[in-house]
Amino acid sequence: MKRAKGQGYAWSFLGNARRVANEVPAAEAAFARSRALYAEAGEVAPGWFDEARALDLEASLRRNRGDFGRALGLLDRALAICEPATRTRILLNQATTLEQDGRPDRALLALEEARPAIERGDGGARFRCIHHFNTVKNLIQLHRVAEAELRLPELRRITAELNNHLDKLRLRWLEAAVQADSGRRLEALTEMAWVRAEFTALSLPVDAALVGLHEAEILLLEDRTEKIRTLVRAMGPIFDALGLQREALAAYRLFVAAVEREAATVAMARELALAIERTGWRPGPESGAAG
């Protein structure tokens, strides 16, 4: 039943294209069709239309919808049956999913498992960039700033090699995050404001919102009440452009109200950032290899 399996494989890529276009119902329908075709195909010789890749792609949809348990289950199944050529990609997806599920320590374990293959050249410079970027990002979340800072030179080298503007912007954001965790908060705020303006000019509201919320965290730590109120008001159009739904919209309204009455907390800013990241749709190092 190679034909059914080939069709199932094709439907999974169509589902992923619809996911990236934020056409969620159409993506769901495509993955349902893919699953049905793989079930119809039954056992087919290995190497033909790798089902692990289809599972990996569907896991990205589950991740984007905040269904982390199901996403991780799909990735576990994919890792159990994947060909060696697919394994690194799946591990990177697993790391991204664990990070967005609020488990940066587990994400680092998945990244470490992927490291030997990436160092051998699997996926080239793009996979190296994703791996280093996400490793630094998770280390920052765990406040392991010294380790994060040690990895920045190699990430700078890879980013220069790729010569992609978005990679460079996100690198500057990471560098500013390291500055903030190292106590150089004023420097970090200046850099983040510039990066946020660049993302806004490029019509990337998810990235702009996440950077702005990072600025808000720093201002809260600095107890700069009026500054954070000005920042959040200025970011209104960015949040409007996101078209927030359910969880993220509720978190946004709660945070804005708290800012206005001088009751906002770092935890609230981080919860809103996590809600946006879980539902955000954007290209870039965080998701580029993960489907």
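Modeller: Helices (H or I, at least four residues) and strands (E, at least two) are DSSP runs, numbered from the N terminus. By that rule the chain has 15 helices and 0 strands. This is a predicted model, in which local features need pLDDT of at least 70, side-chain atom pairs count only at pLDDT 80 or more, and totals for chains, interfaces and linings use all residues. Residues are numbered from 1 along each chain as its sequence is written, and side-chain values use heavy atoms, with hydrogens and water left out.

First, the setting. The C-alpha trace spans about 65 × 40 × 30 Å along its principal axes. Buried residues make up 53% of the 291 residues. Buried means under 20% relative accessible area, with a 1.4 Å probe and protein chains only. Contact means heavy atoms within 4.5 Å. Among contacts with a separation of 6 or more, 66% join residues 24 or more positions apart.

Now the core. A nonpolar core is a set of buried Ala, Val, Leu, Ile, Met, Phe, Trp, Tyr and Cys residues joined through side-chain atoms within 4.5 Å. The largest one holds 80 residues. F199, I228, F239, F255, L272 and I276 touch the most other members. Helix α11 (residues 205–221) supplies the largest share of this core, 10 residues.

Leave out residues up to four places away in sequence, and F255 touches L213, A216, L220, I228, V232, A264, T265, M268, A269 and L272.

Terms used: Buried means under 20% relative accessible area, exposed over 50%, partly exposed in between (1.4 Å probe, protein chains only).
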